[in-house]
Amino acid sequence: MIIEFGHFCLILALVVAVLQSVVPLWGVRTDNAAAMRFGDHAAEIQFLATATAFGVLTYAYVVSDFSVLNVALNSHSAKPMLYKVTGVWANHEGSMLLWVLILTLFSVLIAFFGKAIPVSMRAVVLAVQAMIGVGFLAFILLTSNPFERIPVPPLDGQGMNPLLQDPGVAFHPPLLYLGYVGFSTAFSFAIAALVRGQVDPSWARWMRPWILLAWSGLTAGIALGSWWAYYELGWGGFWFWDPVENASFMPWLLGTALLHSAIVVEKRAALLNWTILLAILTFALSLIGTFLVRSGILSSVHAFANDPERGVFILFLLVLAIGGALTLFAARASEIREGGTFATVSRETGLLMNNVLLSACTATVFVGTLFPLFLDIASGEKITVGAPYFNRTFLPIFAGVVVLAAIGPFLSWKRANVRRLRKDVLITCMITALIGIGLLVLFGRPDSVSIFGVGIAIFLGVATILDLARRAGIGTTNWSSIPRRLAGLPLSAWGLCLGHFGLAVASAGVVAASLWTVEEIQTVTPGNPVSVGPYEYTLVDVKNGMGPNYRTSVATVSVSRDGNEVTTLHPERRWYPVEQKPTTEAGIETRWHGDFYAVLGDPASNGQFVTRFYYNPGVPWMWLGAFLISISGLVSLADRRLRVGVPTPSRAAAPLPQPAE
Amino acid sequence: MRKSFGHLLSGLLLTLATLMMLSGPAAAVDGDEMFADPAREARARDVGRQLRCLVCQNQSIFDSNSGLAKDLRVLVRTRMDEGDTDSEILSYIADRYGDYVLLQPRLSAKNAVLWAAPIVALLLGLAMMLLYLRSRGPQRTEITLTEDEREAARKLLQEGRS
Amino acid sequence: MTMFWFLSIPALALCALWLAYPFLRRTEIERDETDAALSIYRDQADEVRRDLKSGLISKSESEAAQREIEARALKAARHSAGGMSISRKSPVAAMVVAGALAAGSVAGYAWLGTAGAEDQPLAARKTEALVQKAQAGDIGSRIQLLVETVEKNPDSFEDWWLLARSYAATGDNASAADAYRRAAELSDNDPGVLSAYAEAMTLANGNKVPQAAKILFQQIRAETGDPRARYYLALAKAQSQDFKGALDDWAALAADSEPNAPWMPLVRRDIVNMARFTESDVSQYLPDASRAELNKSAGKQTDEDQFALLRRASALDEKLENDPADYKGWQELAQIRAALGDAEKAKFAIESARKQFSAAPFILSKLDATAADLGLDLVASTAPRDPTEEEIAAAQSLSADEQAEMIQGMVAGLAAKLEENPDNPDGWVMLVRSYSHLGEKAKADAAYARAQEHYASNPDMLAKLRENVASLVQ
């Protein structure tokens, strides 16, 4: 009965979505206030119904109700409770339901916290959100229904891929979808702007918090996925330019561009058409990502051709959404007038340049990901586009993004002072050179790639700190006022600093990890040390044990340097009997400079074991950087000015010496 | 007796399972296939990282556990022993296994789109940016407002505050 | 089904009401958007002022920026739409919306849903699962079901009796004895039940008649002359070294029983064994003794036979040295040793095998049966015994070598089980995998062949087998 109620709620959600995509638009057209308000109510019901359906599916997983086909195929009664719950979205049907749940969550948040957005605008935004919802709810109900029942349920389920039975990957999809699906708001705002023929600074400001939220979630989701690959797949790598990874990376790149161009719209009422196009394309890439991952076309073009139902449905949605939006754009773009002007050397141009570079990055990843697919379809020829390609094409362009992120904040709005810019860049370069020479003396890695890679990371870090120092007035005012000035900075300025500094830290980490990782693979007898760079790794012993639903061999590996014990690692190999699959859990110990990383392999003859030992410098920096970037979005989001509409709080008429933000 | 039998049976299954797990997927590179000379081993890995494991998703043969990847690794080492250069090894393997094994696609006519795309995208973007910056015509950065207008605007901006 | 609609219809009604709510009252919305725009310009003006203060921009830059902001603010104010969007209360629109929602979702559900399908959480299906398994002949599930039944209704003799017999069938004689005791109480100490109880006690005691059972048997014999009581009392005599007395009692029991009574083979076997031990003439006790029985009791063979047996025994010794996982070899060896009249060596063979298979209870029970068959339990002290939890735990922390040995024993146990009951596809897969991982290619191939043979008429199973093990065998 509860299960069926969940099914009913999902159907109800679809019907509400249909109403929500029609009634508010009719209201806008006929200037009917009630019909416009209807959007808010419908968004609430749609979310409630979807959330109930999702809750019911979770319940079915928790109580192991194998009369639900989806549960029988993807769960097992012996699974730990955490993975029963996260198992809900670890399969196709459940993950699509999560997709829609997050979509409706964004709608209801807009209905709830977007009170400042004019009702007629909100009505259109919610209607567009609902149209996306109609498409995906219909997709779920018609091709991937998680509530399909089995008349005679099996006695137990078939289990879940043990690779996914891991906290890292368990929370990866919700965060990733927060970003993926969150960009639907950008899309809806863009369509609303086109429908109403109005693009202005307030539009950008209304849209901004939603993009920030989505972007932060996507950043965290990608980082979490990469972290999972790092410790679960067990060969020390963290990014493989796999199509599935690229599918989430493309919306991130373009979303980052959108985030920056929306600032120009807000400040200068410029780049209006471009920003609308970016918003449409960013969500289009999210849809393409969903299509690539969900249709199965990535694993094999032929598998897709043999069972095309789902893929064709999403492809149809994709064409409808992107095609419709671009047609509307083509029809209306010419009516939108650019507002303010700016000089060629200005913050605005810097942001535009940022957009150009990030778009080129996106195009590179796009072509690299899809070209093999097109070639396969067109000529049946199979090629691979892997890391070496992206290292040669993507990284140089992205290096430009990093450099620009350093210089950009030095530029003033509207018209930058070229002389001062030159001075700022010069100072940054000098400090960078000093640090660089210091590092060279200390570590001595005189190859050009290292110097360049580390150089731009330091350059960005130094520039970001200098920018913050300048804003704090260091050097221009007396020291006692600095704390007050820092506290007075708007949160969005802090967001900028954090984000750019995070990018610097992450870039340094990536450069270090890809250039200086030390890897040793060998068959060892317990007790015999192995040299890994300056460290010695010793496999002490291997013990067998039991987990909740797996059997495990845990090794003890001690790490020392010059005879001094540094740390002890515990890599594991697990065996999941229900799913008949092994997993590896790398033993990792994090220090500020890098990770000690050990993987336990096969036992060889005479009590020996195959082991892989790594010293991965910089990897922790990468996670720290990604964390800072993700947090920077939330910090900007917390900026008071984004809580729009809320009539500006009254303050004393007399201007304060330092206006509070 | 029944109870402990069941217990033992599950124990048996688990023990067997462990046994199978341990000899299941081999660790990516095992000790005995490696070169003793670190420089040669490093070179073997550099070459190996350019080759794709045929049955995995975008993993290089040096990062993969599959048996096929091991065969290719051994092949790389054999070719090195025969004195091939890196590019000779890569094309030797690509000739036998198809271009699919190359993680970096060749520069060829059919891959022109792929290799041209990044440069074209970048140049196109820069060109469009320049066009945009120019198309805005003469810079009219000064906005002229009468004193009355300014007064009205200030009033507007001040209104919501109190 | 009705419960489902009881839940869904009110939920639907609430949703419909909330959706229709905007149409059920007069709504007014201000069209003016100037305020929102102005608040942004206000913030921008603030920022310009702050940048000027902190020296980030010059006075003239600030002035230009200020002017642009003012121009935009003016423009926004001038373009203000003004006025109100108003809608009156509209019951018709409300009805349309609510009706569309109700019709759409009910029709949609009627098309896609199965309103009658009940929830089936696993916890509620435990009994169902057990019943299903019990019906398929799984005695463990039957026992679990019966345990639940007697917990609920502890005064049913029938259930206790069934439970006791089920326990006995699995060889869990201690539990069987407990259940029989309860059944005996409920049956007001019916002699038949008491007799079964005493027998279970004896079996649980390693086939040694305990004092309590002896008293019960004596009482039953006095009341009814129950042959089972007579048999066990004689066994008790044998176990207290009164071989002659035992032999006499069994002979008397044999004489009093129908020749085809179910207990007769057991009685005859024991008479023959006992005659061998006491070196007495079996025909004295068993007038219709067959030739084989005569030979067996004499413990003699022709020289030729004996030579062949000795050769076979030493061949087995050698073979088992190399392949100790062959439990049938051990059985045969014990049989030959006993036939050669060497009870000690026979006992040693069984004990060696027991050690080898300490982790394979199925084989242990087979070995115990052989020992009992040869009468070794009368002279030897190999009480059948379950491996304890500690032993299992100990086995799990063995060295690699010891573990490998134990695994071999387990694999052999699995093989024996499959021979007994080949209808176990997972077992076959496990066996083939085990052999191939132990490096015993030939055995793996043979096991796969046997499995294929067993499932020859079942293509699904064949496919499943192939899928799972084909890569391991030719």
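**Salt bridges and an interface**

Guide: Over all chains, the count comes to 45 salt bridges. Keep in mind that this is a predicted model.

Visitor: Switch to chain B. What does B:D86 pair with?

Guide: B:D86 forms a salt bridge with B:R43, at 2.7 Å from N to O. This pair links distant parts of the chain: B:D86 sits in helix α4 (residues 86–97) of chain B and B:R43 in helix α2 (residues 38–48) of chain B, 43 residues apart.

Visitor: How accessible is B:D86?

Guide: B:D86 has a relative accessible area of 33%, which makes it partly exposed. B:R43 also counts as partly exposed, at 27% relative accessibility.

Visitor: What about B:D99, where is its partner?

Guide: B:D99 meets B:K110 through their side chains, at 3.3 Å from N to O. Both B:D99 and B:K110 lie in the loop between α4 and α5 (112–135) of chain B, so the pair ties together parts 11 residues apart in sequence. B:K110 is partly exposed, with a relative accessible area of 27%.

Visitor: Which residues are linked in a network of salt bridges?

Guide: A:E519 and A:R612 from chain A, together with B:E41, B:R45, B:R49 and B:R77 from chain B.

Visitor: New topic, chain C. How many helices and strands?

Guide: Chain C has 25 helices and two strands. It runs to 474 residues, and buried residues make up 45% of them.

Visitor: What share of its contacts join residues at least 24 apart?

Guide: 52%, taken among contacts in chain C between residues at least 6 apart in sequence. As for surface, chain C exposes about 24,200 Å², and carbon and sulfur atoms supply 54% of that.

Visitor: Now chain A against chain C. How many residues does each give to the contact?

Guide: Chain A gives 74 residues and chain C gives 66. Three residues, A:M1, A:F8 and A:L155, supply 12% of the area that chain A buries against chain C, more than any other three.

Visitor: How much do the two chains bury between them?

Guide: About 6,100 Å², with 60% of it on carbon and sulfur atoms.

Visitor: How many salt bridges between chain A and chain C?

Guide: Four. One of them joins the side chains of C:E68 and A:R268, at 3.2 Å from N to O. The count of residue pairs in polar contact between chain A and chain C is 20, with both residues at pLDDT 80 or more.

Visitor: Which elements of chain A give two or more residues to that side?

Guide: They include α1 (2–30), α2 (33–62), α10 (243–268) and α17 (448–472) of chain A. The largest share, 12 residues, comes from α1(A).

Visitor: And by class?

Guide: The side of chain A that touches chain C has 34 nonpolar, 18 polar and 22 charged residues.

Methods: Residues are numbered from 1 along each chain as its sequence is written. Chains are lettered from A and ligands numbered from 1 in the order in which they are written. This is a predicted model: local features need pLDDT of at least 70, side-chain atom pairs count only at pLDDT 80 or more; totals for chains, interfaces and linings use all residues. Side-chain values use heavy atoms; hydrogens and water are left out. Helices (H or I, at least four residues) and strands (E, at least two) are DSSP runs, numbered from the N terminus. Buried means under 20% relative accessible area, exposed over 50%, partly exposed in between (1.4 Å probe, protein chains only). Contact means heavy atoms within 4.5 Å. Accessible areas come from the Shrake-Rupley method with a 1.4 Å probe; for residues, only the protein chains shown count as cover. Buried area is the accessible area (1.4 Å probe) that two parts lose on being put together, summed over both. A polar contact is a pair of N or O atoms within 3.5 Å; within protein, one must be able to donate a hydrogen and the other to accept it, and residues adjacent in sequence count only if both atoms are side-chain atoms. Ala, Val, Leu, Ile, Met, Phe, Trp, Tyr, Cys and Pro count as nonpolar, Asp, Glu, Lys and Arg as charged, and the others, Gly among them, as polar.
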